[in-house]
Amino acid sequence: MPRKIVIVGAHAAGVDAASAARKTDRSAEITLISKEKHVGYSRCGLPFVIGGHIANFNDLIVFPQSFYQMMKLNLKTETTVTSINPANKTVEVATKAGATETIPYDSLILTTGAYSFIPPIKGKEKQGVYSLRTLEDGQQIDKAIRDGAKNAAVIGAGLIGLETAIALKERGLNTTVVELLPQVLPVMLDKEMAKIVHAMLTEKGLKILIGKGLDEILGTDKVTSISVAGEQIPADIVVVATGVRASTGLATKAGITTGETHAIKTNARMKTNIEDIYAAGDCAESINIVTKKPACPQLGTVAVRHGKVAGINAAGGYALFTGVLGSAVTQLFDTQIGVTGLTEFFAKREGINTVTGTITSKTRADYYPGAKPIKVKIVVEKESQRIIGAQIIGGEEATQRINALSFGIQKQMTIRELAKADTAYAPPLCETWEPMVLAAEMVLMKLR
Ligand SMILES: Cc1cc2nc3c(=O)[nH]c(=O)nc-3n(C[C@H](O)[C@H](O)[C@H](O)COP(=O)(O)OP(=O)(O)OC[C@H]3O[C@@H](n4cnc5c(N)ncnc54)[C@H](O)[C@@H]3O)c2cc1C
């Protein structure tokens with residue numbers, strides 16, 4: 001009898017889990033079930049379609065129908081898994097048309113993802129208030145712009161909020177960003193690094209209000225403005241980007257345990273507390289490599305790595321997930337921003353004694369046309385001298401530097417080792433002294 005693998009959700013984690021399961025067990029019957037009409041698309045690309053960098057929302061579909069056929073995956077869309085029966089090893093599903101079915105499994109993988117969290121803001125039900133999670137959300141925002149919206153407000157200055165605000169600005173809307181915390185990108189950057197980004201965004205024409213809460217969304221049926229600390233700001237569109245929450249209702253109803261991050265608790269094989277049920281992606285918790293504590297960074301990169309491990313294990317193979325550092329990058333206008341590991345702020349909050357080094361350099365030889373400024377900050381644990389975090393703001397190659405520093409943290413590299421790194425150089429590509437090495441030198445100076 002072929003092994004029956006059922007996967008709930010068919011996005012980053014679900015599709016990668018299915019792909020890994022198929023490669024592990026060529027004869028398994030693999031079924032992917034998704035509530036959504038569109039599956040296997042990149043949520044990460046949504047702001048860039050709104051901003052006009054990508055022509056069409058359908059261009060974001062990474063896995064077309066032919067992929068599921070080629071991989072012999074049974075895909076059910078617009079179908080909701082309504083319950084799990086771990087004793088019988090079955091799931092109940094309901095189609096959009098109302099038909100129900102009981103599907104048996106040998107292994108079940110939950111990749112139910114996350115949903116946009118909208119706080120209880122007065123007026124949030126008004127027409128013109130959106131969040132950005134699904135392709136349909138993107139299409140609605142795009143339609144509102146095409147229908148003549150002139151002013152926009154984005155609530156939340158995290159990665160998704162700022163990418164969306166820029167997209168709205170690029171489409172010609174006067175855009176205001178409201179952030180309750182005292183800085184932009186509060187999860188990614190320390191305060192002094194965030195100030196640089198804030199100044200750049202303001203210079204490019206975004207109005208940014210930090211340390212201020214939204215009082216109310218105003219208008220009759222349709223939004224016309226927002227009120228922030230008593231100030232009325234015009235808005236035909238309001239995008240609420242105040243974070244996401246793991247979708248765990250289906251799991252908890254079946255007795256699956258959630259952890260301190262409120263996501264599904266998993267072990268290193270992405271197994272839940274119930275035999276033969278795995279969880280992966282935005283709905284699943286894993287361990288932070290530096291703090292060794294549960295973490296749930298809800299990133300696409302983590303979702304695909306989780307999915308691969310869950311898929312291999314669910315298909316009878318053996319794979320371990322090694323943990324997360326929350327490595328993330330973004331490009332805001334033409335500035336690249338990246339983070340890996342802990343910021344100085346979060347390290348201190350964890351009770352870690354830190355030393356930091358920050359350097360401003362150039363991305364190419366000084367004399368080479370097009371050289372852009374780059375700022376690198378490295379956070380080091382004082383006692384062990386190990387690198388535990390890094391932040392980069394710059395014009396070029398932020399991703400590769402963040403990735404290199406992420407490898408360093410994973411391999412428990414010390415700051416002395418980074419300062420002696422054997423780096424490459426050519427005038428159009430970088431400076432003779434690699435900025436990461438210069439930042440390491442700054443830390444060593446402080447340690448001396
Ligand atoms: C605008 C935006 C930009 C982003 N940018 C980046 C980026 O630049 N880099 C990065 O790393 N990450 C980024 N992310 C995050 C990334 O998109 C997510 O981490 C990733 O989508 C998580 O994948 P997932 O498969 O775990 O969950 P999801 O993508 O949430 O998919 C879960 C699926 O399961 C379905 N589902 C849930 N419950 C059921 C049920 N009971 N029955 C059937 N189906 C169900 C849901 O409808 C959904 O389709 C971004 C996210 C957004 C919204």
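**View 1. Pairing of strands β7 and β18 in the predicted model.** In this predicted model, β7, formed by residues 107-110, pairs with β18 in the parallel sense. The pairing extends over 3 bridges. Leu108 stands opposite Ile277, a residue of β18.

**View 2. The open sheet that contains β7 and β18.** The sheet has 5 strands, arranged in the order β3-β2-β1-β7-β18, and their pairing is parallel. Strands β3 (73-76) and β18 (277-279) each have a single partner strand and stand at the edges, so one side of each is left without a neighbour in the sheet. From one strand to the next, the twist averages 20°.

**View 3. Helices α1 and α8 against the strands.**

**View 4. The shell of residues around the ligand.** Of the 32 residues around the ligand, those that come nearest are Gly9, His11, Cys44, Gly113 and Gly281. At least two residues of the shell are supplied by each of α1 (12-24), α2 (46-50), β4 (79-85) and α8 (300-314). Sorted by class, the shell comprises 14 nonpolar, 13 polar and 5 charged residues.

**View 5. The ligand and the two domains.** Residues of the shell come both from domain 1 (4-43 + 57-115 + 245-314) and from domain 2 (118-242). The ligand therefore lies between these two domains.

Key: Residues numbered from 1 in each chain as written. Predicted model: local features only at pLDDT ≥ 70, side-chain atom pairs only at ≥ 80, totals over all residues. Near = placed C-beta within 6 Å. Helix = DSSP H or I, 4+ residues; strand = E, 2+ residues; numbered from the N terminus. Nonpolar A, V, L, I, M, F, W, Y, C, P; charged D, E, K, R; others polar. Domains from an automatic or database assignment. Pairing = 2+ DSSP bridges. Axes fitted to C-alpha atoms, helices over the stretch in contact; angles between N-to-C directions.
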